Amino acid sequence: MAETTIDEGETNREMEVAPALIAVHPLEKSVAVAAGAELRVFDLEGDCPVTLLDDSGGPLHADSIRAIRFGAKGRLFASAGDDKLVKIWTTDSWRCLRTVCSEKRVSAVAISHDGLFVCFADKFGVVWVVSLDEEEGNQPLVNKKAAPILAHYCSIITSLEFSPDGRFIISADRDFKIRVTMFPMKPFKGAHEIQSFCLGHTEFVSCLAFLCTPDYSQGFLLSGGGDSTVRLWDIASGSLLHTCEVGAQAELVESNGDEVCHPAVTAICTFPVGSLIAVAIQSLHGVMLLNCDLSGRTLSVVKVVSMGDVFIATSLGMSSAGRLWMVTGASNIHGSNFTSLARVKVLAGFEMSNNLDSSENEPCMLEDANIPGGEKVLEKLQGCVSLAKEEKALAAATEAVKIAMRNLLIKKQYSVDKRELRKKSRNDRKLKQ
C-alpha cells in the first residue's frame with residue numbers, strides 16, 4: 001500500500017519542503033516554532049530558552065515537523081511530522097510524556113479540551129486517537145498504542161480541530177471535504193456517528209478554526225482553502241453561512257490564459273474575545289483581518305496589515321494578551337545554503353473589543369527589541385537575532401512552500417489512457433510483491 005495517494009515514481013522533491021510553524025501558549029507563557037526537524041521553544045514567563053527533555057525512549061524528530069499545537073489549557077503540547085512520530089509534551093517541565101509511532105506520515109494533530117486524548121491524522125486519510133488517561137484500559141501510559149477512529153479513505157487530511165464544547169472532532173482533507181464527527185465517550189471503539197459534512201470549497205481545505213463569543217459559546221467553524229476563500233459554517237447542520245473571497249479582495253487572484261491561479265489560505269487565527277479573524281494567504285505580504293457579524297452570519301474584510309516586501313506568513317498564533325505571532329520560512333529549500341529558515345514577527349494593539357475603527361486600536365508591528373522576550377526569543381526561535389541578510393532566501397522559501405502545497409494537495413487530472421496506464425503499473429507492483 002502506498003504511503004500517500006501519489007505514486008512513488010511521481011513524487012516531486014519539492015513536496016519535501018515544509019513550512020515554518022508557530023504555536024503560542026493560550027496565556028502566552030511560552031511560544032514554539034518548528035523549522036524542519038527542529039522544535040524551538042522559548043519560556044516567556046521565565047524569559048529563557050527551553051531545553052526539551054525526552055526520556056520517553058523514542059528518538060527525537062528526524063524529519064520535517066508538520067503539526068504543532070498547545071492544548072486548550074496550555075498544559076500539553078504536541079508535535080508530529082514526516083518521521084511518523086507524534087510527541088506529547090508537558091509544558092510545566094517540557095518533558096516528553098510519550099512518543100507514538102504512526103504507520104504513515106502525520107499531517108495534523110489536535111488535543112481534546114479535557115487533555116485526556118490526542119488525535120492525529122496521517123497522509124493516507126486515517127485519524128488516530130491516543131489516550132493520556134492512566135486509568136484507560138489499565139495499561140501503563142508509555143505502553144499504550146494509538147487506535148484508528150475514522151478515515152477519509154485515501155485523502156490526505158490537512159487539519160483537525162475539536163469543537164469548543166468537545167462534542168465533535170472536525171477533519172478536513174484535500175478532496176474539498178470537511179467532516180464533523182461525534183467524538184465518542186469511548187473513542188477506542190471508533191467514531192462512527194457523523195454529524196454533518198461541510199461542502200462548498202472548490203479546492204483543498206487547508207486550515208480550520210473556531211470563532212466563539214460569550215453569546216455564541218458553541219462557536220462557528222471557519223475554513224480556508226486552496227480556492228482563496230474563507231468560509232463560515234454551522235457544524236450542526238453542515239450549512240455554509242457565508243463565503244469571503246479573500247484572495248480576490250487582496251487582489252491576489254491571477255489569470256494565466258485559461259487558467260486562474262488562486263493563492264491558498266495557509267492559516268486562520270481567531271482572537272480570544274470578539275469577532276476578529278486573522279488570515280494568512282500565499283503571496284500576501286502581511287496578514288488580512290476579517291470581522292464576523294455573528295448576528296448576520298457574514299464575514300467582511302477589515303483591513304490588510306502589511307509586513308514588508310519579503311514577509312509572507314506561513315503560520316499564525318494568537319495569545320490572550322491580544323498579540324498575533326507570525327512566522328515565515330521553510331525547510332529543505334532546494335538550491336539554498338540553509339537547511340531551514342524561520343523569521344518571527346508580532347502584531348500588537350488589538351483591544352479585547354476588537355474595535356479597529358478607532359485609530360487608538362490600530363494594530364502595529366512590534367520592533368524586534370519590543371517583542372516579548374526581545375532579542376533572546378528571536379535568537380531561540382529564528383536561530384539568530386537578525387535575518388536581514390537572508391531576504392532572498394526567505395523569498396525563495398515562501399515560493400517553495402507555495403509550490404510544494406499545490407503539488408501535494410491539488411489533484412492531478414489524467415486522460416483515460418493515462419489513468420489506465422497508472423492502474424496497470426500499480427497492479428504490476430502488487431503482483432511483484
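How many bridges join E18 to E19, and do the two run parallel or antiparallel?

Author: Quick caveats before the tour. This is a predicted model, in which local features need pLDDT of at least 70 and side-chain atom pairs count only at pLDDT 80 or more, while totals for chains, interfaces and linings use all residues. Residues are numbered from 1 along each chain as its sequence is written, and side-chain values use heavy atoms, with hydrogens and water left out.

Now your strands. E18 and E19 run antiparallel, and seven bridges join them. Strands here are DSSP runs of at least two residues, numbered from the N terminus, and two of them pair if DSSP finds at least two bridges between them. The link from E18 to E19 is a hairpin that passes through two residues.

The largest nonpolar core has 22 residues, and Val-230 and Ile-277 have the most contacts inside it. Such a core is a set of buried Ala, Val, Leu, Ile, Met, Phe, Trp, Tyr and Cys residues joined through side-chain atoms within 4.5 Å. At least two of its residues come from each of strands E18 (205–213), E19 (216–225), E20 (230–234), E24 (265–270), E25 (276–281) and E26 (286–293). Leaving out residues up to four places away in sequence, Ile-277 touches, among others, Leu-211, Leu-222, Ile-268, Met-288 and Leu-299 (contact means heavy atoms within 4.5 Å).

Elsewhere, have a look at the rings. Seven aromatic pairs turn up in the whole structure; ring centres of Phe, Tyr and Trp (its six-membered ring) must lie within 6.5 Å, with planes under 30 degrees apart called stacked, over 60 edge-to-face and the rest tilted. Phe-117 and Phe-183 make an edge-to-face pair, 5.6 Å centre to centre with 70° between the planes. They sit 66 residues apart, Phe-117 in strand E11 (117–122) and Phe-183 in the loop between E16 (177–182) and E17 (194–199). Phe-117 counts as buried at 8% relative accessibility, and so does Phe-183 at 13%. Phe-120 and Trp-128 are stacked, because their planes are at 10° and their centres 6.4 Å apart. Phe-120 is buried at 1%, and Trp-128 is buried at 11%.

One more stop. Phe-70, Phe-77 and Trp-94 form one aromatic cluster. Ser-30, which lies in strand E3 (30–35), is in contact with Phe-70 and Trp-94, among others, leaving aside neighbours within four places in sequence. Ser-30 is buried, at 3%. As for sheets, E6-E7-E8-E9 is the order of four strands in an open, antiparallel sheet. E6 (65–70) and E9 (95–101) stand at its edges with a single partner strand each, so one side of each lacks a neighbour in the sheet. Five bridges join E6 to E7 (76–81), and Arg-69 stands opposite Ala-78 in E7.

Key: Buried < 20%, exposed > 50% of the residue type's maximum accessible area, 1.4 Å probe, protein only.
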